[in-house]
Amino acid sequence: MEITIIIVLLLLGVVFLLLELFLVPGVSLAGIAATLFIGGAIVYAYSQLGPSAGNLTLLGSVFLVGATIWAFLRSKMLERFALKTNIEGKVEPLHEVEIKVGDKGVASSRLAPMGKVKVNGHVVEAKTNSEFIDQGVEIVVLQVMNTNVLVEKLEK
């Protein structure tokens with residue numbers, strides 16, 4: 001009966017350890033449960049069956065955990081969780097947009113420090129080099145970059 005309890009505790013510990021390593025990110029209840037179950041099996045073996053059975057349980061648990069992780073990594077199980085899609089979108093450069101330094105526009109969204117502005121009828125990504133700019137505030141273009149523009153608040 002004691003051996004059955006030890007085996008069940010070790011198996012539960014290994015299951016929770018696999019859950020912790022491969023499904024639940026960070027230290028969670030699964031990792032704590034795995035530690036408690038495996039540690040409990042070892043302590044139980046030492047207290048109920050003696051030092052030689054405890055040593056055997058300790059070595060067996062180390063081997064069982066290592067072999068289980070190795071087998072899980074070698075299996076195709078992790079491929080089911082892997083992302084297999086490719087990103088096909090890209091950031092369009094501002095080559096076709098007629099915006100030059102000194103053009104005026106209005107902030108379409110809050111620039112904190114990045115947001116959207118409307119210049120010459122085009123809504124483009126913009127960033128500010130100074131203070132945040134609220135939506136609806138008039139802006140002036142300081143620099144045109146590849147994918148966005150640098151703006152500042154228009155001083156009246």
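Select isoleucine 99. Beyond neighbours within four places in sequence, isoleucine 99 contacts Val119, Asn120, Val124, Val141, Val144 and Val149 (contact: heavy atoms within 4.5 Å). This is a predicted model, where local features need pLDDT of at least 70, side-chain atom pairs count only at pLDDT 80 or more, and totals for chains, interfaces and linings use all residues. Residues are numbered from 1 along each chain as its sequence is written, and side-chain values use heavy atoms, with hydrogens and water left out.

Next, the core. The largest nonpolar core has 14 residues. Ile99, Leu111, Val117, Val124, Val149 and Val151 have the most contacts inside it. Such a core is a set of buried Ala, Val, Leu, Ile, Met, Phe, Trp, Tyr and Cys residues joined through side-chain atoms within 4.5 Å; buried means under 20% relative accessible area (1.4 Å probe, protein chains only). E2, E3, E4 (138-144) and E5 (149-153) each supply at least two of its residues. Helices (H or I, at least four residues) and strands (E, at least two) are DSSP runs, numbered from the N terminus.

Now show the strands. Five of them close into a barrel, order E1-E2-E3-E5-E4, with mixed pairing (strands pair if DSSP finds at least two bridges between them). Zoom to E2 (114-119) and E3 (122-128): they run antiparallel, joined by six bridges. Lysine 116 has glutamate 125 in E3 as its bridge partner.

Last stop: helix H1, residues 2-22. Select its buried residues: Ile6, Leu9, Leu10, Gly13, Val14, Leu17, Leu18 and Glu20. They pack against H2 (29-49) and H3 (51-74).

Notes: Buried < 20%, exposed > 50% of the residue type's maximum accessible area, 1.4 Å probe, protein only. Expected span 1.5 Å × (residues − 1).
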